[in-house]
Amino acid sequence: MWAYESVFYQIYPLGFCGAPFENDGKAESRILKVIDWIPHIKKLGANAIYFSPVFESDTHGYNTRDYKKIDTRLGSNEDFKKVCDALHKEGIKVVLDGVFNHVGRGFWAFQDVLQNREGSGYKDWFHRIDFGGNSNYNDGLWYEGWEGNYDLVKLNLRNEAVINHLLECVGGWIDEFGIDGLRLDVAYCLDHDFVRRLRSFCDSKKEEFFLLGEMLHGDYNQMVNDGMLHSATNYECYKGLFSSFNSMNMFEINHSLLRQFGPENWTLYKGKHMLSFVDNHDVSRIASNLTNEKHLPLIYALMFGMPGIPCVYYGSEWGAKASKSEGDPALRACFEKPLENELTTYISKLAKAKKASKALNYGDFKSIVLTNKQCIFERRCDDERVLVAINADSESYTAHFDAGCGMAEEMIDGKTHDFGGGSELPPYSAAFWKMER
């Protein structure tokens, strides 16, 4: 699967393009801005883009009005096809947000229900409509909104007409835009039989079509398996990543990594490829979340070195800041043009190392050295062995362990390293050592 060897770049298009929050119905080809960023995305080392919602919606994209039409605020279907063609020409895969659990109140079928009530042919398209109830919109009917949000009307994914409509739309996206995968919004809420239908349909429609699910807690194996999703968002390790640095307790992230990918027989996700991230459009940017800015390069090194598919959120690659407490618009900012600094250069080196290494893409995980402020772990496959080392301390650290050989190539800076007398890690440093075998 191509995704397992990729580095993802996430763009939230409505924010990225500076679109108004409310859908004003005014068409403007804002999405073409992505084409101008392609050189930056390639230089960063990303070879896949995950676009948050792009289809016609009421406001933030997750309240869909029409699955067949690019949001007017972003442009036309033709505009988005130009973007996808330009990305594909440069070898960059395209993954879209599949928002299938719910739609917006402006969704054409729900509008028909509001107008025709019991007489609507679409009343069974939605989950648990009660014409004797009411919602905070005072429509004279009640329906289930996602987590109590009545601007997000829950679809009935047991209705064959709904399923057929959604699959038809996905097929249309593959045919029209050539997309390479979907990220399923709130996948943990989706009907499992629907996800199986979606997987079967996509497998038959396009070879190696990638399905990623947004999952938070619990056992990701419930949906990441041969019949459903290929991957899930690794929120457990997302929390462990920043928390380990902020509390100076590397045991936390290592506990999660051992639990998920370690050498024991009970390991949960050995051989699977979860999506790794340090921030996204729903959480504080990592530069605002870390209490020590010198840990910023290190957390990316740890993310790229651990098992999983690394994903970088637009703007965070140069250290843009925004806190969740400032509201979603702050997290989904519009930047006139990409910036490049030491952090972007560093991430590009991490991306190059990750994509070129079989061990970093597919290798097992084993903890070698672990203290509160340092960790060294091994990624190993049949013909390659890589050691990932992190020193989060303000002091140098000398690690003594059996490296199994004397010399290694440092994958980030290209230097040769001799393990003869142990290994000294400078303050606030990271290293990827490709070991001789």
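Close-up 1. The structure is a predicted model, in which local features need pLDDT of at least 70 and side-chain atom pairs count only at pLDDT 80 or more, while totals for chains, interfaces and linings use all residues. Residues are numbered from 1 along each chain as its sequence is written, and side-chain values use heavy atoms, with hydrogens and water left out. Tyr269 belongs to the loop between helix H8 (250-261) and strand S12 (275-277), where helices (H or I, at least four residues) and strands (E, at least two) are DSSP runs numbered from the N terminus. When neighbours within four places in sequence are left aside, Tyr269 is in contact (heavy atoms within 4.5 Å) with Gly218, Asp219, Tyr220, Asn221, Gln260, Phe261 and Met274.

Close-up 2. Rings of Phe, Tyr and Trp (its six-membered ring) pair if their centres lie within 6.5 Å, and planes under 30 degrees apart count as stacked, over 60 as edge-to-face and the rest as tilted. Trp2 and Phe8 are stacked, at 6.0 Å centre to centre and with 20° between the planes, and both Trp2 and Phe8 are buried. Tyr314 is buried at 0% relative accessibility, and Phe335 is buried with a relative accessible area of 17%.

**Close-up 3. Charges over the rings of Phe16 and Tyr12.** A charge sits over a ring if NZ of Lys or CZ of Arg is within 6 Å of the ring centre and within 35 degrees of the ring normal. Lys33 lies over the face of Phe16, 4.7 Å from the ring centre, and the charged end of Arg332 is placed over the ring of Tyr12, 4.6 Å from its centre.

**Close-up 4. Packing of helix H2 (residues 33-44) and H12.** The axes of H2 and H12 are 7 Å apart and form an angle of about 60°, as lines fitted to C-alpha atoms over the stretch in contact, with angles running from 0 to 180 degrees between N-to-C directions. H2 and H12 are therefore oblique to each other (under 35 degrees counts as roughly parallel, over 145 as roughly antiparallel, 65 to 115 as roughly perpendicular and the rest as oblique). His40, Lys43 and Leu44 of H2 make the contact with Thr344, Ile347, Ser348 and Ala351 of H12.

Methods
Buried < 20%, exposed > 50% of the residue type's maximum accessible area, 1.4 Å probe, protein only.
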